[in-house]
Amino acid sequence: MFSALQKIMIYLFPFQMDTMECGKRQQTEAFDNTFWPASYLSDWMSGLPDHLSLSKISIPGTHDSMSVLGGPKICCQTWPLEAQLAAGVRFLDIRCKLENGRFLIYHVNTFQEADFSDVLEGTLSFLNQHPGETVLMRVKEELPFIPNVDYASRFQRYLAEEGRNKVWMKEAIPTLRQARGKIIILEELEKEVLGVPYEELSVDSAHSQDFDPDWLKVDSVFHPSKFIQ
């Protein structure tokens, strides 16, 4: 078990609305209503020292990162994967179902017209262009009525074959030197260890459409003096 000091702090940002609703919502500090990031933070980790453990860094992430289809009750994101990474997101929440030998991306029962190969290729392409960065990736089997007994072993084999030696699947939390240019797998499986155990992490996730209170919580972590009376 990891101690509190060893936990990775992850902040998740859900965007639970469809794209039309997104375009109508007013721009605020907490919410970017554009369909592509207004600013880019593609290399924010590159300036951090190599010796830092990932447990010493607060990581911005997205909830149900590939959920862009399904309407306001299902859709969680309006930015595609490449836009999220360009904006500085470094934690991805990926939900898959193993169907006909492919790891298809779902949110609940809505197919997101993508599979895990799209996620892997897009993320590795970003890391090739920005080798000083790392991306943490939680991968879980999405709402199985009966868990697929082959899921963990097939997924482990897939990562070994397709990961180009750029995927961290160890249980230990790496330093930035070890993590740069790699995907860090955060496993969410019962019987297989495929990476850093997700349940041991410190994840601050709020699922609502009222972003401003959530943004104040995040801002208070990074700028505590603003909130001291």
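Reader: Which residue's side chain does a polar contact join to that of His-63?

Author: This is a predicted model, in which local features need pLDDT of at least 70, side-chain atom pairs count only at pLDDT 80 or more, and totals for chains, interfaces and linings use all residues. Residues are numbered from 1 along each chain as its sequence is written, and side-chain values use heavy atoms, with hydrogens and water left out. A polar contact is a pair of N or O atoms within 3.5 Å, one able to donate a hydrogen and the other to accept it within protein; residues adjacent in sequence count only if both atoms are side-chain atoms. At 3.5 Å, the partner of the His-63 side chain is that of Asp-64.

Reader: Is His-63 buried or exposed?

Author: Buried means under 20% relative accessible area, exposed over 50%, and partly exposed in between (1.4 Å probe, protein chains only). Because its relative accessibility is 11%, His-63 counts as buried.

Reader: Where do the buried residues of H3 fall, seen down its axis?

Author: Helices are DSSP runs of H or I with at least four residues, strands are E runs of at least two, and both are numbered from the N terminus. The buried residues of H3 include Phe-116, Leu-120 and Leu-127. The arc, taken from the directions from the helix axis to the C-beta atoms, is 155° for the buried residues of H3, so they line one face of the helix.

Reader: How many disulfides does a search of the whole structure find?

Author: A disulfide is a pair of cysteine sulfur atoms within 2.5 Å. The search of the whole structure gives a count of zero. For Cys-76, which is in no disulfide, the nearest cysteine sulfur is that of Cys-75, 6.7 Å away. The number of disulfides is therefore zero.
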